[in-house]
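Hi,

Here is the structure I promised to pass on. Have a look at it first, then read my notes below.

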Amino acid sequence: MAARCKTAADMLSGGMPSGAKQETGILAKIDPVQFSREVRQEVAKVTWPSRRETLITTGLVLALSSLAAVFFLVVDQIIQFAMSWIFGF
């Protein structure tokens with residue numbers, strides 16, 4: 001498990017707490033089994049949204065994206081009309 005920074009001094013010293021052991025090699029020793037175990041533990045901590053929350057959020061993103069597209073279309077048309085009126089195209 002990775003050590004966490006506790007104080008500002010730890011953060012300034014490269015992010016490692018003063019008592020933490022640092023790897024001296026270029027690459028840390030890679031253990032795929034331990035990595036897989038740690039990933040599984042972290043995924044278990046995640047609070048996943050429900051299907052309903054996901055659908056509501058997706059609907060809101062689509063609706064607001066459509067609203068933004070219509071807004072910029074209208075603004076673009078207004079600017080185009082103003083430019084053609086000013087320059088007489």
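One term to start with: a polar contact is a pair of N or O atoms within 3.5 Å; within protein, one must be able to donate a hydrogen and the other to accept it, and residues adjacent in sequence count only if both atoms are side-chain atoms. Glutamate 53 makes one, with its side chain reaching the backbone nitrogen of serine 50 at 2.9 Å.

This is a predicted model, so local features need pLDDT of at least 70 and side-chain atom pairs count only at pLDDT 80 or more, while totals for chains, interfaces and linings use all residues. Residues are numbered from 1 along each chain as its sequence is written, and side-chain values use heavy atoms, leaving out hydrogens and water.

The pLDDT (the predictor's confidence in each residue, from 0 to 100) averages 82 over the protein, and 67% of the residues score at least 70.

Buried residues (under 20% relative accessible area; exposed is over 50%, partly exposed in between; 1.4 Å probe, protein chains only) make up 2% of the 89 residues. In helix 3 you'll find glutamate 53, which is partly exposed because its relative accessibility is 45%. Isoleucine 86 also sits in helix 3 (residues 51-87), and counts as exposed because its relative accessible area is 52%.

Enjoy!

Terms used:
Helix = DSSP H or I, 4+ residues; strand = E, 2+ residues; numbered from the N terminus.
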